[in-house]
Amino acid sequence: MALACLFQANGQHNGAWRMPEAEPGADTDIQHYIRYAQKLEAAKFDLFFLADTPASRTDNLEVWTKSPIYQNGLEPITVLSALAMHTRHIGLGGTMSTSFSEPFNIARQFAALDHISGGRAAWNVVTSANDYAARNFGLDRLPPHARRYEKAGECVDVVQKYWDTWEDDAFIFDKEGARQFDPAKYHVVDHDGEFFKVYGGLNVARAPQGHPVIIQAGASDAGKELAARTAQVVFGTGGSKEAARAFYTDLKGRMAKYGRAQDQLKVLSGLNVIIGDTVQEAEEKYEYLRSFIPPELSVLYLSMDLETQLLDLPLDAPIPEDRIPAASNHHTAYFNQIVELIRSGKTLREIAASYKRGNRFMCGTPEMVADWMEEWVSEGCGDGFMLPLAYLPGILDDFAGKVIPILQERGLYKTEYAGETLRDGLGLDRPVNQHLL
Ligand SMILES: Cc1cc2nc3c(=O)[nH]c(=O)nc-3n(C[C@H](O)[C@H](O)[C@H](O)COP(=O)(O)O)c2cc1C
């Protein structure tokens with residue numbers, strides 16, 4: 001099974017930064033990132049992943065002080081380039097938005113990262129899901145969901161065209177003949193589409209992986225369709241086994257019409273673990289972590305994901321049905337989860353306490369976690385896991401020290417990296433240049 005880590009300097013849980021072991025200033029300390037990338041590599045993780053949104057929050061700042069995520073972080077490509085110099089094998093993935101970046105910039109930066117890292121780059125394609133980002137780029141709000149995905153589809157196509165500007169052997173460095181490259185192996189990108197009009201080419205040789213790995217995490221129909229056509233890795237949100245299996249089968253079932261084999265896309269299911277020597281100990285750790293989150297912060301997250309303001313409502317009453325917007329324009333999966341909770345008749349306080357933003361938390365012993373992971377993969381719910389490590393260093397130490405050895409003993413997880421590149425490690429084909437097909 002493949003393993004990715006969603007890395008946040010002190011852990012991905014909103015309470016993590018307040019724990020005694022959390023390190024103030026870690027978000028902007030590159031040495032901190034390097035130490036963790038090396039730890040993850042020692043544990044043979046396939047992918048170190050940095051999420052991103054090109055914005056900070058501009059309102060409700062007093063409440064956001066309690067969850068400073070996105071208020072103070074380093075830009076992914078810069079961090080990943082630095083990590084490339086201090087790691088050898090682990091994949092390096094980062095988010096870049098198709099709504100707010102030009103295809104040339106995306107293609108160039110990820111191609112450069114792929115060269116710098118020797119074939120370990122991965123691009124997480126997102127359409128961005130908040131209006132804070134839109135307002136940094138001249139818009140009042142995000143364009144509609146469907147339009148964002150149409151643009152994303154065209155953006156990925158243009159990025160891939162740029163990545164195929166040069167054939168693999170285009171650069172010959174013929175000193176005698178005074179020819180650095182073979183012009184017959186250069187292919188100009190001449191694209192005139194609905195969202196992008198470009199004429200040009202990438203100014204860097206074809207990437208070691210041909211194309212850096214493409215990741216996606218959209219759960220909507222449009223998101224799944226784009227992933228089925230273009231992605232090699234999909235981050236699935238957790239949920240029940242039945243829901244995950246349905247997602248997996250649906251997503252992989254969509255690939256055939258694009259001429260793609262199902263094993264060329266790996267679904268990594270979100271898995272939040274809290275590990276203890278007993279279940280009770282793990283649950284106590286989880287409650288301790290949750291104790292660092294004030295209720296108003298949970299209500300603010302609910303407001304954001306339901307795309308309407310809830311901070312004015314009483315905590316101990318149900319959320320009125322008329323507060324539910326007609327449709328989601330941001331995170332479909334999160335939105336649907338909240339609507340379900342509202343319709344169950346729970347109070348706002350109860351909903352705030354049980355809402356996990358798509359994160360499945362599993363509290364258990366190392367054996368239980370390993371059993372659960374084994375069943376998940378063997379029953380067709382996913383090809384591996386994406387771990388948003390809830391707090392650091394605790395969760396990583398527990399998982400790497402206690403769960404991974406069990407998985408390795410059972411032959412379910414590698415003891416050495418396979419090959420040189422991220423594609424090699426994940427068993428993904430290296431794409432043939434589209435001009436040679
Ligand atoms: C594990 C994971 C990581 C994500 N990382 C990002 C991110 O870095 N930036 C972002 O804007 N959205 C991120 N998303 C959100 C999705 O990419 C997607 O935009 C969102 O789910 C809305 O699309 P949908 O309506 O198709 O589900 C992430 C989602 C998941 C599950």
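Lys-44 sits in the loop between α1 (30-42) and β2 (47-50). In this predicted model, the phi angle of Lys-44 is near 65°. That value is positive, and the residue is not a glycine. The peptide bond leading from Leu-392 to Pro-393 is cis. Its omega angle is near 0°. Pro-393 also belongs to a loop, the one between β14 (384-388) and α14 (394-409).

The protein chain is divided into two parts. Domain 1 is made of three segments, 2-143, 203-275 and 362-436. Domain 2 covers residues 280-354. The centres of domain 1 and domain 2 are 25 Å apart, taken over C-alpha atoms.

How many residues of each domain take part in the contact between domain 1 and domain 2? Domain 1 contributes 28 residues, and domain 2 contributes 23. The size of an interface is often given as the accessible area lost when the parts come together. For domain 1 and domain 2, the buried area is about 2,200 Å². Carbon and sulfur atoms account for 71% of that area.

Six residue pairs are in polar contact between domain 1 and domain 2.

Side chains of opposite charge can pair when their charged atoms come close. Between domain 1 and domain 2, the count is one salt bridge. Lys-285 and Asp-398 form a salt bridge, with their closest N and O atoms 3.0 Å apart. The structure as a whole holds 28 salt bridges. One of the salt bridges links Glu-150 and Arg-147, at 2.8 Å from N to O. Why are Glu-150 and Arg-147 separated by about one helical turn? The reason is that Glu-150 and Arg-147 are three residues apart in helix α6 (residues 145-163).

The ligand is surrounded by 18 residues. The closest are Thr-95, His-145, Tyr-149, Ser-220 and Thr-332. Which part of Thr-332 lies 2.6 Å from an oxygen atom of the ligand? It is a polar side-chain atom of Thr-332. His-331 likewise places a polar side-chain atom 3.4 Å from an oxygen atom of the ligand. A polar backbone atom of Ala-219 is 2.8 Å from an oxygen atom of the ligand.

How values were computed
Residues are numbered from 1 along each chain as its sequence is written. This is a predicted model: local features need pLDDT of at least 70, side-chain atom pairs count only at pLDDT 80 or more; totals for chains, interfaces and linings use all residues. Side-chain values use heavy atoms; hydrogens and water are left out. Domain bounds come from an automatic or database domain assignment. Contact means heavy atoms within 4.5 Å. Buried area is the accessible area (1.4 Å probe) that two parts lose on being put together, summed over both. A salt bridge is a side-chain nitrogen of Lys or Arg within 4 Å of a carboxyl oxygen of Asp or Glu. A polar contact is a pair of N or O atoms within 3.5 Å; within protein, one must be able to donate a hydrogen and the other to accept it, and residues adjacent in sequence count only if both atoms are side-chain atoms. A residue is near a molecule or strand if one of its heavy atoms lies within 4 Å of it. Helices (H or I, at least four residues) and strands (E, at least two) are DSSP runs, numbered from the N terminus.
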